Amino acid sequence: MFIIKNATIYDGTGGEGFVSDILVEDGVIARIHKGIHAPEARVIDAHGLAASPGFIDIHAHSDYSIPADNAASSKIMQGVTTEVSGNCGLSAAPLLGAAARQREKDLEELGLTQSWTDLRGYFDMLESRHPAVNCASFCGHGNLRASVMGYEDREPTEDEMRKMEDLLADAMTAGALGLATGLVYPPGVYCKTDELVRLGRVAGRFGGVYASHMRSEGANVLSAIDEALKVGRQGGLPVEISHIKTSSPANWHLVTDMIEKVEAARAEGLAVTADKYPYTAGSTDLDAILPPWAYEGGNIEELKRLTDPVIRAKLRSECLSLYPSDNYWERVMISSVTTEKNRELEGKRLSEAAAMRGQDPVDALFDILIEEEIRAGAIFFSQSEENLRTFLKQEWVMVGSDSTARGMSGVTRQGKPHPRTFGTFPKILGTFVRDEQILTMPQAVRKMSSMAAEKLGLDGRGYLKEGFFADIVLFNPETVADRATYEEPYQFPEGIKYVFVNGALAVEDGEQTPARAGRVLRPGK
């Protein structure tokens, strides 16, 4: 039992802060009132601190990292109490056939053995690991497609389509939040809109959400938004645009048209929202630079193409056509490799890596992918500071880190991950609330908590209200700040003082405790 005394409470409703006490008992917020007295309770003096609902990271990729390291330190130290994975078309389940084979090395690298094939089995395994944060998941469209038809560039047969629908229905009954797509990644890149609509209808029947890493975030971003809205309208379900952005300076001007499209759909009654991380660089696999046809058949076939002289020449020509700017290669930073041979390349721009190897950037890219067996990550500097602020100010944009939970040591400390991994939520509070006043504190707290809870149907979460689960963050509004950088990402933020997860004290006076009180969350439960 705890009493949090004299905190300035931002309860997630968007209302102004007020000073009061909070009684935490049996995992829930038992009372919010001034002058609470309970002799048996431990008292935390929160004078000068703000209290908010635990942050919900609506866009995360911790499907495998949390089972590998249940401390989830990079998230809990930011105040994240609920991690939403399964985004961008890639979830932990279903994991059958080619989908399972494609993930074998990822699991091996993290010391995991696949003991599940469906989401129900995955959730059982995850609960047995006792994570430090609550965990929820979408069902990845890429998993559905790869489990049924591999990584082939074709439309599904009717039988294959029905199998995908059945797998999705099973995932929804197990507690999936909805359907998530990654339409620039294999195998999602090969699908047609009608396939997404059919699957959307399945997720919609269960009250699910359609979350999409859209088909384009560059020159074709407007038509990509149209496609996402079509899935929502015809599938009969809410839409979440993942990490909304305009990539490449030539496309930055499209921000106004993007916002107008979303707001027109919202005015029609379609429940469209988006999420955004507060940085101007994105991060994904290094081979995302290649044209989509290079991925067909999975990593093994991709490697064969890169080593075939004729196909390699074609790939080279297409890459130079896709990225004609001389400085493009300076805006791509290698963030992770798997071989010791190439470890020195982590944190280097592709132009630097090429110079170190005595190659031009395209040949260096191809050879690094070959040497790493495709498993290399990168950070892409392509977004506008002005557009970032414009998106964050939209009432329908919430906060998501687009990152994986990591630790300061062990199997999840790998490479130089994007600083959003350690700094997303404190950066919102420090840079965009306190320093630049782009957002008010009530707006920011709502974007980081209750908006996501409402969107995903996570009952009892996202607000500081009596009877709700005691997921609570206490932070210092005057000092809260991110410290992670692109060069040195492994740095915890400042100003996050206490974090409660289901009533257990997970961070105490800025240090993580041994508490592992997270639960698997399912919509409505």
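Reader: Where does proline 187 lie?

Author: Proline 187 lies in the loop between strand 10 (178-182) and helix 7 (193-205), where helices (H or I, at least four residues) and strands (E, at least two) are DSSP runs numbered from the N terminus. This is a predicted model, in which local features need pLDDT of at least 70 and side-chain atom pairs count only at pLDDT 80 or more, while totals for chains, interfaces and linings use all residues. Residues are numbered from 1 along each chain as its sequence is written, and side-chain values use heavy atoms, with hydrogens and water left out.

Reader: And which residue is joined to proline 187 by a cis peptide bond?

Author: That partner is proline 186, and the omega of the cis bond between proline 186 and proline 187 is about 0°. Most peptide bonds are trans. Another cis bond runs from alanine 93 to proline 94, with omega near -5°, and proline 94 is placed in the loop between strand 7 (80-85) and helix 3 (97-109).

Reader: What is the phi of asparagine 6, and what about histidine 243?

Author: Asparagine 6 has a phi near 65°, which is positive although the residue is not a glycine, and histidine 243, also not a glycine, has a positive phi of about 30°. Most residues other than glycine have a negative phi.

Reader: Is histidine 243 buried or exposed?

Author: Histidine 243 is buried, at 1% relative accessibility, where buried means under 20% relative accessible area, exposed means over 50%, and partly exposed is in between (1.4 Å probe, protein chains only). Histidine 243 sits in the loop between strand 12 (239-241) and helix 9 (255-268). Asparagine 6, by contrast, belongs to strand 1 (residues 2-9) and is partly exposed, with a relative accessible area of 37%.

Reader: Changing topic, how many helices and strands does the protein have?

Author: The protein has 17 helices and 21 strands. Its radius of gyration, taken over C-alpha atoms, is 22 Å, close to the 24 Å that the globule rule gives for 525 residues, so the protein is as compact as a globular protein of that length; the rule is 2.2 Å times the number of residues to the power 0.38. Along the principal axes, the C-alpha atoms fill a box of roughly 75 × 50 × 45 Å, and buried residues make up 60% of the 525 residues.

Reader: In what order do the strands of the open sheet come?

Author: The open sheet has 6 strands in the order 9-10-11-12-13-17, with parallel pairing, and two strands are said to pair if DSSP finds at least two bridges between them. The edges are strand 9 (139-140) and strand 17 (397-399), each of which pairs on one side only. Within this sheet, strand 11 (residues 209-213) and strand 12 run parallel and are joined by 3 bridges, with alanine 211 standing opposite glutamate 240 of strand 12.

Reader: Why is strand 16 described as largely enclosed?

Author: Strand 16 (residues 377-381) is largely enclosed by the rest of the structure because 5 of its 5 residues are buried. On one side these are Gly377, Ile379 and Phe381, and on the other Ala378 and Phe380, so that both faces are covered.

Reader: Which strands pair with strand 16?

Author: Strand 14 (residues 281-285) runs antiparallel to strand 16 and is joined to it by 5 bridges, with aspartate 285 opposite glycine 377. Strand 15 (residues 332-336) also pairs with strand 16 in the antiparallel sense, over 4 bridges, and isoleucine 334 there has alanine 378 as its bridge partner.

Reader: What is valine 28 in contact with, beyond its neighbours within four places in sequence?

Author: With those neighbours left aside, valine 28 is in contact (heavy atoms within 4.5 Å) with Leu23, Gly467, Phe468, Phe469 and Ala470. Valine 28 is in strand 3 (residues 28-33) and counts as partly exposed at 24% relative accessibility. The C-alpha atoms of valine 28 and lysine 465 are separated by 9.2 Å, although these residues are 437 apart along the chain.

Reader: And is serine 137 buried or exposed?

Author: Serine 137, found in strand 8 (residues 134-137), is buried, with a relative accessible area of 2%. Leaving aside neighbours within four places in sequence, the contacts of serine 137 include Asp63, Ser85, Leu119 and Gly175.
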